[in-house]
Amino acid sequence: MLFFAVGCSPSKKELYEITDGFVHSLDTQYRSYGALGGLEYKKTTSDGLYAVTPMGRLINVKIEEYVESDVYERLRKRLERHYKNDNRVNEVYINQGGTIMIDCRN
């Protein structure tokens, strides 16, 4: 049932708005959020399902509930498609910790 909630969540639009805001801010406002300074910028969707934290020029996306790794892979693919034509984003990948990183490094 959690798969359904994550896959069809209305907070997905909100998640994209949050990540878009961080990507845009890196391009226009900040050179970097700093290694640990990004914690003060952490944002969570209103339903608490997703947390987004910028770190340096990387943006970390975490699902705040336990889900199987295939759910992260589907979200990674959706974010990758979302940023496909955005030259500010180099790569969207799953990191060693199991969360998703949006790489905006030059």
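These legends walk you through a few close-up views of a predicted model.

**View 1. The whole chain, from start to end.** Welcome to the overall picture: the chain holds 3 helices and 5 strands. Of the 106 residues, 42% count as buried. The chain exposes about 6300 Å², and carbon and sulfur atoms supply 50% of that area. Among contacts between residues at least 6 apart in sequence, 52% join residues at least 24 apart.

**View 2. The hairpin of strands S2 and S3.** Here S2, residues 50–55, pairs with S3 in the antiparallel sense over 6 bridges. To find your place, look for Val 52, whose bridge partner in S3 is Val 61. There are 2 residues between the two strands, and Gly 56 in this hairpin takes a positive phi near 60°.

**View 3. A charge over a ring.** In this view, the charged end of Lys 43 sits over the ring of Phe 22. The distance to the centre of the ring is 5.7 Å. If you were hoping for aromatic pairs, a search of the whole structure finds 0 of them.

Definitions and conventions:
Residues numbered from 1 in each chain as written. Predicted model: local features only at pLDDT ≥ 70, side-chain atom pairs only at ≥ 80, totals over all residues. Heavy atoms only, no water. Pairing = 2+ DSSP bridges. Helix = DSSP H or I, 4+ residues; strand = E, 2+ residues; numbered from the N terminus. Phe/Tyr/Trp six-rings, centres within 6.5 Å; stacked < 30°, edge-to-face > 60°. Lys NZ or Arg CZ within 6 Å of the ring centre and 35° of its normal. Buried < 20%, exposed > 50% of the residue type's maximum accessible area, 1.4 Å probe, protein only. Contact = heavy atoms within 4.5 Å. Areas by Shrake-Rupley, 256 points an atom, 1.4 Å probe, with all protein chains shown as cover.
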